[in-house]
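Me: I am new to this structure and would like a close look at a single part of it. Please describe that part, and then what lies around it.

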Amino acid sequence: MIEAGRELVDAARALGASPMATTLRAWIVPHLFYAQERLFALPDDPTQPLADVMAECAASLRAMRDRVSASETWPRTAATATTPDNVEAITGAHYGNLFAGFAKEHYWDEATNLLRTRLERNGLPTDFAGKSVIDAGCGGGRYTVAWKQLGAARALGVDVSPINIATAKARAVEAAIDGVEYREENVLALGAPANAFDIVFSNGVLHHTRDWPAGISELVRVLAPGGLGWLYLIERPGGLFWDMIEVLREVMRGDSHELARRALEQLALPRHRIFYMLDHVMVPINERLTPAEIEAALEAAGARGIRRLSRGADFDRVEQIHRGAPHAATKFGVGENRYTFSK
């Protein structure tokens with residue numbers, strides 16, 4: 001698997017920096033995602049078959065190299081260069097543009113059903129009547145509304161991306177959803193006072209920031225004593241699922257986010273699938289963490305009652321582990337790091 005990954009990265013980067021090269025690299029992403037999903041559904045160990053698919057992709061890209069290189073009249077692609085000064089802007093634009101095109105059926109109802117399922121399967125309450133919630137890193141605002149639909153009296157979504165906040169506000173108005181509020185704000189420096197919310201919710205956000213422990217400290221700071229905290233951070237070890245994504249991050253490193261999105265749109269993929277495939281592959285910071293690292297950070301921030309959730313929605317990796325899927329550890333490592341906590 002390691003050798004096949006290196007072979008694929010080398011073949012991908014050898015294509016150069018033209019729009020065609022970026023497009024060809026981007027087309028590899030869904031090909032590998034679909035191959036992985038197909039192989040994971042089988043009872044056999046998927047390690048060698050997935051490595052074989054990577055080798056096939058590398059061979060295909062090498063076969064295209066001369067054709068791409070010969071087209072010197074094509075302009076070079078403007079790379080998405082990440083610097084210490086633009087991490088938040090690039091991350092915000094990345095997710096803002098991915099969320100903006102979601103179809104309605106993958107916006108409100110899907111998020112509410114996923115949240116309810118994850119709560120129920122872990123024996124947590126699903127009625128939050130009268131509660132106040134902050135969705136720290138709300139993206140397009142789907143889960144902010146999900147908490148409102150589970151009874152919250154007030155739901156505030158904050159996000160560093162102006163595109164996301166504009167999208168969330170427009171979607172809420174379009175759907176005539178009341179009682180939600182959205183603000184442009186950095187999750188590492190929340191504007192709320194201490195103990196301000198009954199529920200703090202951060203769902204797959206802090207691993208994309210410069211300082212995830214500082215983000216955890218902010219979550220605990222604004223959580224009211226006795227309240228409910230929810231935290232999701234990506235996992236290490238992560239099995240073949242994350243091994244493939246790490247390879248694809250190298251394949252697509254520096255490529256134009258816009259061109260990559262357009263390439264997947266050319267394949268007629270729905271926008272929620274484009275989001276799923278480019279989410280971790282093209283974001284600048286993607287820090288995977290062990291449960292021990294997360295639990296230590298929560299304890300240091302003053303969290304109590306820390307619990308790692310062992311159940312999830314049907315497609316969640318922890319749920320597959322819980323159900324005893326064949327070769328689950330090889331495929332998924334330890335599964336998603338979803339935690340609840342209090343203070």
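Reply: What follows starts with strand β1 (residues 132–136) and then turns to other parts of the chain.

The model is predicted, so local features need pLDDT of at least 70 and side-chain atom pairs count only at pLDDT 80 or more, while totals for chains, interfaces and linings use all residues. Residues are numbered from 1 along each chain as its sequence is written, and side-chain values use heavy atoms, with hydrogens and water left out.

Strand β1 is mostly covered, with 5 of its 5 residues buried. Buried means under 20% relative accessible area, exposed means over 50%, and partly exposed is in between, with a 1.4 Å probe and protein chains only. Ser132, Ile134 and Ala136 point one way from β1, Val133 and Asp135 point the other way, and all are buried.

Two strands pair if DSSP finds at least two bridges between them. β1 pairs with strand β2 (residues 154–159) in the parallel sense over 5 bridges. Asp135 has Gly157 in β2 as its bridge partner, and Ala136 stands opposite Val158 in β2. β1 also pairs with strand β4 (residues 197–203), again in the parallel sense, over 3 bridges; there the bridge partner of Val133 is Ile199.

These strands belong to an open sheet of 7 strands with mixed pairing, in the order β3-β2-β1-β4-β5-β7-β6. β3 and β6 (304–308) are at the edges, where each has a single partner strand, so one side of each has no neighbour in the sheet. From one strand to the next, the twist averages 15°. Helix α8 (residues 212–222) packs on the sheet and touches β1, β4, β5 and β7 (337–342), and its direction makes about 150° with that of β5. Contact means heavy atoms within 4.5 Å. Axes are lines fitted to C-alpha atoms, for helices over the stretch in contact, and angles run from 0 to 180 degrees between N-to-C directions.

Together with helix α6 (residues 142–149), β1 and β2 make a right-handed β-α-β unit. A crossover is right-handed if, with the strands pointing away from the viewer, the path from the first strand over the helix to the second runs clockwise.

Helix α6 has a neighbour too. Two packed helices are described by the angle between their axes and the distance between the axes. Helix α5 (residues 108–121) packs with α6 at an angle of about 65°, with the axes 8 Å apart. In this contact, residues of α5 including Trp108, Leu114, Leu115 and Arg118 meet residues of α6 including Tyr143, Val145 and Trp147.

Arg118 in helix α5 is buried, with a relative accessible area of 6%. Leaving aside neighbours within four places in sequence, Arg118 contacts Tyr143, Trp230, Gly312, Ala313, Phe315, Asp316 and Arg338. Arg118 and Ser132 are 14 residues apart in sequence and 20 Å apart in space, C-alpha to C-alpha.

Two loop residues remain. Ala176, in the loop between α7 (162–174) and β3 (180–184), has a positive phi of about 55° although it is not a glycine, and Ala176 is exposed at 60% relative accessible area. The peptide bond from Arg236 to Pro237 is cis, with omega near 0°, and Pro237 lies in the loop between β5 (223–233) and α9 (239–252).

Note on methods:
Helix = DSSP H or I, 4+ residues; strand = E, 2+ residues; numbered from the N terminus.
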